[in-house]
Amino acid sequence: ERYWKGVISYSRQERHGVGASLNAGFRAAYEASPLVFYGVDDWRLDEPFDLTPWAHLLLTKENAGLVRFGPPHPYLRGTIMPYTELWQGWALILERYGLTVGHRPELFHKRFTDYYGMWDENTNAQECERLASVRYADMPNGPEILYALPHPWFHFHLDVLPSTSHIDPRD
């Protein structure tokens, strides 16, 4: 079920997890653009941030599939290099190890989800990001994930907004 009013959409996923909600949103967004920004509801942006160079990068570099903006998960590693043509940012090209795909602010190109698949449904948020990261690690010839450096994203403190990522959506 989906309702449109301009660029706003609504869908109800009947408690099939964050993956089902993301999949519905991504499918709707891909009808209008090959790019989807996943802003995540428990992160805040504390200063202006221009997505234009990163969108341009995804639209022009066939080997790039996803740009991450939020703070990294622990133990990520890769190669740092200037990656945007406008020199507004550097990127860490992530090795295929650890939680490379996550519930952080990210800009996706459709080629990423076409290659690796959409989000897993009927599971909790932690398992959803783990399974996406496993697919990225196990499929080495697909589009790369770039981690944008530096970033102006900060996570809400847990004493203000408790995490719900461990909750099974079917409970």
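The paragraphs below take up the confidence of the model, then its sheet, then its cavity.

The model is predicted, and its confidence sets how each part can be read. The protein averages a pLDDT of 83, and 80% of the residues score at least 70. Confidence is highest in H3, at 98, and lowest in strand E1 (residues 2-5), where the mean is 43. Over residues 1-5 the pLDDT is below 50, and beyond near neighbours in sequence this stretch has 12 contacts in the model. Where pLDDT is low, the predicted coordinates should not be read in detail.

Next comes the sheet. Six strands form an open sheet in the order E3-E8-E5-E9-E7-E6, and the pairing is mixed. Strand E3 (35-38) and strand E6 (78-82) stand at the edges; each has a single partner strand, so one side of each is left without a neighbour in the sheet. On average, neighbouring strands of this sheet are turned by 25° against each other, direction ignored.

Strands of a sheet pair through backbone hydrogen bonds, either parallel or antiparallel. With strand E8 (residues 106-109), E5 pairs in the antiparallel sense over three bridges, and Val67 has Leu107 in E8 as its bridge partner. With strand E9 (residues 144-149), E5 runs parallel, joined by four bridges. Here the bridge partner of Ala64 is Glu144 in E9. Moving on along the sheet order, strand E7 (residues 90-94) pairs with E9 in the antiparallel sense, over four bridges. In this pairing, Leu92 stands opposite Tyr147 in E9.

Helix H1 (residues 18-30) lies across E3 and E8, and H1 runs at about 145° to E3.

How many cavities of 30 Å³ or more does the count come to? The count comes to one, and the largest cavity has a volume of about 70 Å³. Its lining is made up of Val101, Phe108, Phe112, Thr113, Tyr116, Gly117, Met118, Trp119, Ala132 and Arg135. Helix H3 (110-116) and helix H4 (125-138) are the elements that give two or more residues to this lining. H3 gives the most, with three residues. By residue class, the lining of the largest cavity divides into seven nonpolar, two polar and one charged.

Two elements link these topics. H3, which gives the most residues to the cavity lining, is also where confidence is highest in the protein. E8 pairs with E5, and helix H1 lies across E8 as well as E3.

Key: Residues numbered from 1 in each chain as written. Predicted model: local features only at pLDDT ≥ 70, side-chain atom pairs only at ≥ 80, totals over all residues. Heavy atoms only, no water. 1 Å grid on protein atoms, 1.4 Å probe; cavity = no way out; pocket = protein on both sides within 12 Å on 5 of 7 lines; lining within 4 Å. Points joined across faces, edges and corners; volume = space filled by probe spheres on them. Nonpolar A, V, L, I, M, F, W, Y, C, P; charged D, E, K, R; others polar. Pairing = 2+ DSSP bridges. Axes fitted to C-alpha atoms, helices over the stretch in contact; angles between N-to-C directions. Contact = heavy atoms within 4.5 Å. pLDDT = per-residue confidence, 0-100.
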